[in-house]
Amino acid sequence: MLEASDITVRYGPRVILDGVDFSARAGAVTAIVGPNGSGKTTLMRALTGEAAYHGRITLEGQDIAGAKVWDLAALRGVLPQATPLAFPFTVLEVVRIGLSRGVAAGQDGLIRQALARVGLSGFEGRYYQELSGGEQQRVQLARVLAQVWEPVEGGVPRWLFLDEPVSALDIGHQLQVMQIARDYADAGGGVVAVMHDLNLTAMFADQVALIGEGRILAQDVPGAVLRDDLLSRAYRCDVRVNRAPVDGTFILPHAAGMAAE
Amino acid sequence: MAPDIAQAPMLGDRSARAQTLSLVLILLLGAAIVLSLAVGASGTSLWQAVLGLFTGEEVGVRERIILMDIRLPRTVMGVLVGAALAVSGAVMQGLFRNPLADPGLVGVSAGAGFGAIVAIVLGGMLPAGIAAMFGSSLVPVAAFVGAWASMLLLYRVSTRRGRTSVATMLLAGIALAALMGAVQGVLIYMADDAQLRTLTFWGMGSIAGATWGKLLVATPLILLALAGAPFLARGLNALALGEAAAAHVGIPVQRLKNAAILMVALAVGSSVAVSGGIGFVGIVVPHLLRLLVGPDHRYLLLNSALLGAALLLCADVISRVIVAPAELPIGIVTATLGGPFFLWILLRQRGVLEM
């Protein structure tokens, strides 16, 4: 269980998050959506302990403010939006950074499995700096997966925090990465993802938190949050939610400008 | 020999290569040590003396003195200073996440030199009690404080929210060096003749003045810094991902940064105190090693120490023979070799500079 209560984040005088309550449970994919500048990435940074916040955040009962970084690292992995590297690491070396202690014999297999999971088998010897942005993003996901490979460890769920995990990817790899998140949650782990793509959110999320102007406008199952009125108000344009031809819903940006108040 | 499949390194894993390279570098360092003991102004009979060291044969008194009191301390200092400068370079580059960081280039050596010069010139003005308390460690301690202060300042100025700006770092280094230069100018103006000679010689960088007395103070400090370096390796690897990501994989980032800054200040401060400004070792050595076996700090730091020591000894041997019977200061040799090499790195790394 991830619980954040009364979270306020300020950058200087500017209030980015204003007394936000947010929670996520293990076994579910929880998506955070909202327009640019609404504070969704800041919420993510507070939840992972990166941004200084007022309020209280607990992950599996531990207050993250007082927790040791290595204890948190054993409990959750965090995928940043983009990770440029200044040194010529190979893909294998990058994934190995995620592993906690040295290079035990069994860990080579784990690296291989993690790379296979993100569809990068055979990339072990390639130079990270020479990969495309999307490939780099998937290498980083493999690194994070290797860090918290088992979704449940000793009866305690582990967590993935993904900051716009699919924004650099083509549609095939978007589905692949979202399926990884889905499977992790189905196996008992927790997943919290900042999402730009509302359709992928509708397809893969169990819970959606919609943020606007530093506040949570709604947090519920996708059907209750991904609605014409809520989305139009949050994103300040005319949005229509439709039934998808096969199953599920799809969201159509319809016209610029604010929907009628 | 057929490769054993179970033992075969995984694709992209350069650990085995890095370990093999360590063995090669140990041999290279051994050869450089022998060369450094045997070559010099007093002729080739010292080959006999070096052989004598190993075979136990009798050697002449003159040879023994040259070997034990001149060449041996000089060689030991070459090993220590070369290792310290190269490892400091590697650690700084890891800390700043930038292959261009180097104690000489960004003003850390200047800070150490500043501290040392202050101690040399103003040391005489200290009350006798305090001067006696520090004794011969006054210059190294002052150099360490100078290096530490400039590392802290440099890091504060060039790093914001976990990201280092290369341009700011290099420019801050220029500003630091200029400031130190100005104050040094004043101190040089104040210095007497004997102090002036010490300062001039020292500014060019040399290990020719090595004595057991100087080594007595510098050796423990450098060894302490070198012994601490391996503990930074895993953290520096993670830091390559950025500060936030390093914390997310379980690295106490602030502690790591403090330790790295302290380690660099110790190594650079005590090196500069005994050998002056020897440039480029800290940038050339780690860069070559990254090309050969990759940037994994678990191997980079050890290999930097070995190659840095070997390289500095070779440069010192060159400085002894190139204008024999006179000697060039070693700083001139490393700058002559390192300058073009640095330009070559710049050409390869232009993308990084645009960050």
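A residue is called buried here if 20 or more other C-beta atoms lie within 10 Å of its own, exposed if 12 or fewer, and partly exposed in between, with C-beta atoms placed from the backbone. The model is predicted, so local features need pLDDT of at least 70 and side-chain atom pairs count only at pLDDT 80 or more, while totals for chains, interfaces and linings use all residues. Residues are numbered from 1 along each chain as its sequence is written, and chains are lettered from A and ligands numbered from 1 in the order in which they are written.

Glu164(A) counts as buried, with 20 C-beta neighbours inside 10 Å. Its phi is near 45°, a positive value in a residue other than glycine. Glu164(A) sits in the loop between strand 9 (159-163) and helix 6 (171-186) of chain A; helices (H or I, at least four residues) and strands (E, at least two) are DSSP runs, numbered from the N terminus. Asp6(A), also not a glycine, has a positive phi of about 55°. This residue belongs to strand 1 of chain A and is exposed, with 12 other C-beta atoms within 10 Å.

Strand 5 is joined to strand 4 (residues 54-59) over two bridges, and Thr58(A) stands opposite Asp63(A) of strand 5.

Chain A is divided into domain 1 (2-226) and domain 2 (227-261), with bounds from an automatic or database domain assignment. Their centres, taken over C-alpha atoms, are 26 Å apart. Twelve residues of domain 1 are in contact with ten of domain 2, contact meaning that C-beta atoms, placed from the backbone, lie within 7 Å. On the domain 1 side, helix 7 (198-204) of chain A gives the most, with four residues.

Turning to the two chains, the contact takes 26 residues from chain B and 26 residues from chain A. Helix 10 (233-239) and helix 11 (243-248) of chain B each give two or more residues to the chain B side, and helix 11 gives the most, with four.

Definitions and conventions:
Pairing = 2+ DSSP bridges.
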